[in-house]
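Trainee: Please pick out the metal site and take me through it slowly. After that, show me some of the other spots worth a look.

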Amino acid sequence: MIIFTDLDGTLLDHESYSFAPAAQALAQIRARNIPLIFATSKTAAEIAPLRDATGIFMPAIVENGAGVDWPGRQDDDNDEVYQHIRASLDAMPASLRRRFRGFADMDPAEIDALTGLGAGLCAARRRRYSEPGVFSGSETDREAFLYHLATCGLLAVQGGRFLTISQGVSKADRVADIVGWWRERHVDGRPITLALGDAENDIDLLEAADLAVVVANSSHAPLRPLAGEAAGRVVRTREEGPAGWNGAVLSFLEDPETFAERYRP
Ligand SMILES: [Mg+2]
């Protein structure tokens with residue numbers, strides 16, 4: 001089996017970023033050496049402290065699916081994609097270029113004011129595959145901006161805070177990479193996959209897995225009904241964040257095959 005999980009609002013509490021209520025399920029995952037794959041908009045550098053804190057040293061889907069952080073691999077300094085994004089921005093007409101302020105255009109105080117990241121700020125700026133930023137301009141400016149990005153093979157997607165430029169991938173695009181990695185280690189069979197998430201940008205991941213858990217998060221509207229939900233492929237937790245995560249994962253570990261029918265939050 002493979003478990004994919006979003007971080008903020010899912011494994012981590014939406015407000016405090018604590019994963020303490022998930023301790024029991026995390027301990028079982030470590031003891032059984034089950035691949036728990038973080039799937040997040042965070043950078044590889046940002047999740048390094050979380051790996052240490054949770055004791056989970058598995059590949060991770062980072063920067064919203066733009067890349068995979070493979071622990072122990074030596075390609076950590078390859079920032080070709082990021083450099084391409086920055087070069088594409090700088091090649092735009094100045095009238096458009098000045099409308100976008102990416103993380104690399106901001107000083108730390110400016111990013112902190114927008115995100116409240118504080119101590120985690122340096123790690124959030126160490127990007128390899130995507131550039132979040134703020135766009136200010138008319139709808140026409142925005143269309144021209146997106147057009148210029150498209151000519152460079154880039155896409156920008158609006159999130160809660162930022163317009164993020166990447167090569168146009170999502171968390172689900174990396175699922176096949178992770179399953180391939182699993183297959184290299186297992187002689188036969190295919191893994192049963194579970195995905196957990198709380199928000200819009202998790203939907204494609206939740207729909208790509210065999211089974212999915214929507215973790216309750218009262219800070220935003222509930223997710224729309226997902227593919228396969230009516231057929232019982234998707235469950236929703238009643239408890240929020242890591243507490244909901246813990247209950248659902250323990251139930252899944254007990255018996256993945258019957259999890260969706262047994263699970264009663
Ligand atoms: Mg989330």
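Mentor: Let's start with a word you'll need: a residue is buried if its relative accessible area is under 20%, exposed if it is over 50%, and partly exposed in between (1.4 Å probe, protein chains only). Keep in mind that this is a predicted model, where local features need pLDDT of at least 70 and side-chain atom pairs count only at pLDDT 80 or more, while totals for chains, interfaces and linings use all residues. Residues are numbered from 1 along each chain as its sequence is written, and side-chain values use heavy atoms, with hydrogens and water left out.

Now the metal. Donors here are N, O and S atoms within 2.8 Å of the metal (3.2 Å for Na, K and Ca), and water is not among the atoms, so sites may look incomplete. The magnesium ion has Asp 6 (OD), Asp 8 (O) and Asp 198 (OD) as its protein donors, at 2.2 Å. Written as a pattern along the sequence, these donor residues read D-x1-D-x189-D. Asp 8 and Asp 198 are 190 residues apart, so this pair joins distant parts of the chain. Asp 8 sits in the loop between β1 (2–5) and α1 (23–31), and Asp 198 in the loop between β9 (193–197) and α9 (203–208). Those labels come from DSSP runs, numbered from the N terminus: helices are H or I runs of at least four residues, strands are E runs of at least two. Which of the two is buried? Asp 198 is, because its relative accessible area is 6%. Asp 8 counts as partly exposed, because its relative accessibility is 32%.

Together β9, α9 and β10 form a right-handed β-α-β unit, meaning that, with the strands pointing away from you, the path from the first strand over the helix to the second runs clockwise.

Next stop, the greasy interior. A nonpolar core is a set of buried Ala, Val, Leu, Ile, Met, Phe, Trp, Tyr and Cys residues joined through side-chain atoms within 4.5 Å. The largest one has 69 residues, and Ile 3, Phe 145 and Trp 245 have the most contacts inside it. Helix α10 (residues 241–254) gives the most to this core, with six residues. Another core, of six residues, lies apart from it, and Phe 103 and Phe 162 are among its members.

With contact meaning heavy atoms within 4.5 Å, and leaving aside neighbours within four places in sequence, Phe 145 touches residues including Leu 89, Phe 100, Phe 135 and Ile 165. Phe 135 lies in strand β6 (residues 131–135) and is buried, because its relative accessible area is 12%.

Most residues other than glycine have a negative phi. Yet phi of Glu 63 is near 50 degrees, a positive value, and phi of Asn 64 is near 60 degrees, positive too. Asn 64 lies in that loop as well. How do they sit, buried or partly exposed? Glu 63 counts as buried because its relative accessibility is 3%, whereas Asn 64 is partly exposed because its relative accessible area is 26%. Leaving aside neighbours within four places in sequence, Glu 63 is in contact with residues including Thr 40, Lys 42, Arg 127 and Tyr 129.
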